[in-house]
Amino acid sequence: MRDIILIQVSGGDRPGLTAAFTRILAQYHLNILDIGQAVIHDTLSLGILVEVPATAESSALLKDLLFEAHKLKVSVRFLPIDHDRYDEWVAGQGKDRYIITLLSRRITAAQLGEVTAVVADNALNIDSINRLSGRVHLEGEERPDEDARACVEISVRGRPSNPEAMRAAFLRIANEQNLDIAFQKDSAFRRNRRLVVFDMDSTLIESEVIDELAREAGVGEQVEAITERAMRGELDFNDSFRERVALLKGLDADALQRVQQRIRLTEGAERLIGTLKALGYRTAILSGGFTWFGNYLKAKLGIDHVHANELEIENGQVTGRVVGAIVNGQRKAELLREIAAHEGISLEQVIAVGDGANDLPMLGIAGLGIAFRAKPLVKESAEQAISTLGLDGILYLIGVRDRDQAELLAAGFQLPREG
């Protein structure tokens, strides 16, 4: 009968530790059944599951490993594994796997404790926990900088016992603990997204351009009133949009340039787009705003596609009309499909990002739909939501670590150093 032994090594980390132990295992011609290693604050935790051939002497092997551990000033433990237990472990490899991503300015014990309790309540087993964000400085820990980022990724295995209750629990924790929680199936598509489409107003940029134009035209309060009616369901998007645009009639075209100069990019936008471009992603703006501003962002950020409403201008003045069909929620979903087909990308490989109700159709058909700093209804309806971090928090949802971006910089890619 072949023995199965779990070898657990822990202690101060330094080069050569793993090599020293695996060298001894090699002398006994062992098979490695599983292996995992982590280093937290220069402290090593190494686990190796081995199969000891019937011809090998287990006691001599363990003696050699103990001697090596003493010499290297680390601890080593041995745990015999029953064959039936091992067979159960092998059978479990077909279970569903999920990634839970925690995003905040700082990750606290309270946040992690509540999330892992929900994981346990749903009979999910944690396989690994990894930090994707960079190391945290202690300066200003009482009042973290507004641009601080923290992310922990938890890999779990199994099937949630009550998915709806689990989602509701995560939403409650997120609201109470100032935390974003993403729950995604760990699939090949999650690791191979290829296209990211963005809403523009209040997503890529901080403002709503039509409100800014209305202020230039002296009709700010009227436009806001129409927006309120639309939010109450008294007007659909197309009707409310036409009414608001009509109020801009006679506005000098130079006002567009003035508004453009006031545009502020959303936190993390440049860092996100720069990193996506370096990684080979395609990007698009699908906006219910105006092409004038979409094309400005296209040139500034290097966006690949822009689809928005064309504001009609005649004799240097806004006519109060738009040219062509209005880009509403349904049109955004259609455009997403068209761009994905044009690029040869499946919908599962698309990420859609937006903040408003008219973004829900495109968020719903994308492989990953993200409500960014969205209204409560949109946040609850979308698959994922980010409210605590900037747009660059999206990188964590696709598994990109801070050190990955450092490697891109070292390779010569020009990435903005936001945050």
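Helices (DSSP runs of H or I, at least four residues) and strands (runs of E, at least two residues) are numbered here from the N terminus. The structure is a predicted model, in which local features need pLDDT of at least 70 and side-chain atom pairs count only at pLDDT 80 or more, whereas totals for chains, interfaces and linings use all residues. Residues are numbered from 1 along each chain as its sequence is written, and side-chain values use heavy atoms, with hydrogens and water left out.

The chain contains 16 helices and 15 strands, and its C-alpha atoms fill a box of roughly 90 × 45 × 45 Å, taken along the principal axes. Of its 419 residues, 47% are buried, where buried means under 20% relative accessible area, exposed means over 50% and partly exposed lies in between, with a 1.4 Å probe and protein chains only. Among the contacts (heavy atoms within 4.5 Å) with a separation of 6 or more, 70% are accounted for by residues 24 or more positions apart.

The second largest pocket has a volume of about 730 Å³, and of the 28 residues that line this pocket, Thr227, Phe237, Arg244, Gly356 and Asn358 are the closest to its centre. A pocket is defined on a 1 Å grid over the protein atoms alone, as an open set of points where a 1.4 Å probe fits, with protein on both sides within 12 Å along at least five of seven lines, and lining residues have an atom within 4 Å of a point. Grid points are joined across faces, edges and corners, and the volume is the space filled by probe spheres set on the points. At least two lining residues are supplied by each of helix H6 (209-217), helix H7 (220-231), helix H8 (237-246), strand E10 (282-290) and helix H14 (376-381). By class, the lining has 11 nonpolar, seven polar and 10 charged residues, with Ala, Val, Leu, Ile, Met, Phe, Trp, Tyr, Cys and Pro counted as nonpolar, Asp, Glu, Lys and Arg as charged, and the others, Gly among them, as polar.

Lys332 is placed in helix H12 (residues 329-343) and is buried, with a relative accessible area of 0%. Its side chain is joined to that of Asp199 by a polar contact of 3.0 Å, a polar contact being a pair of N or O atoms within 3.5 Å of which, within protein, one must be able to donate a hydrogen and the other to accept it, while residues adjacent in sequence count only if both atoms are side-chain atoms. When neighbours within four places in sequence are left aside, Lys332 is in contact with Asp199, Leu286, Ser287, Gly288, Val327, Asn358, Asp359 and Met362.

In helix H1 (residues 17-27), the buried residues are Leu17, Ala20, Phe21, Ile24 and Leu25. These residues lie on the same side of H1 because they cover an arc of only 135 degrees around the axis, the arc being that of the directions from the helix axis to the C-beta atoms. Arg23 and Gln27, on the other side of H1, are exposed. The buried residues of H1 pack against strand E1 (3-12), strand E2 (31-40), strand E3 (43-52) and helix H2 (58-72), and just after H1, His29 takes a positive phi of about 55 degrees.

In helix H16 (residues 402-410), Asp402, Asp404, Gln405 and Leu408 are buried. An arc of only 155 degrees around the axis puts these residues on the same side of H16, whereas Arg403 and Ala410, on the other side, are exposed.
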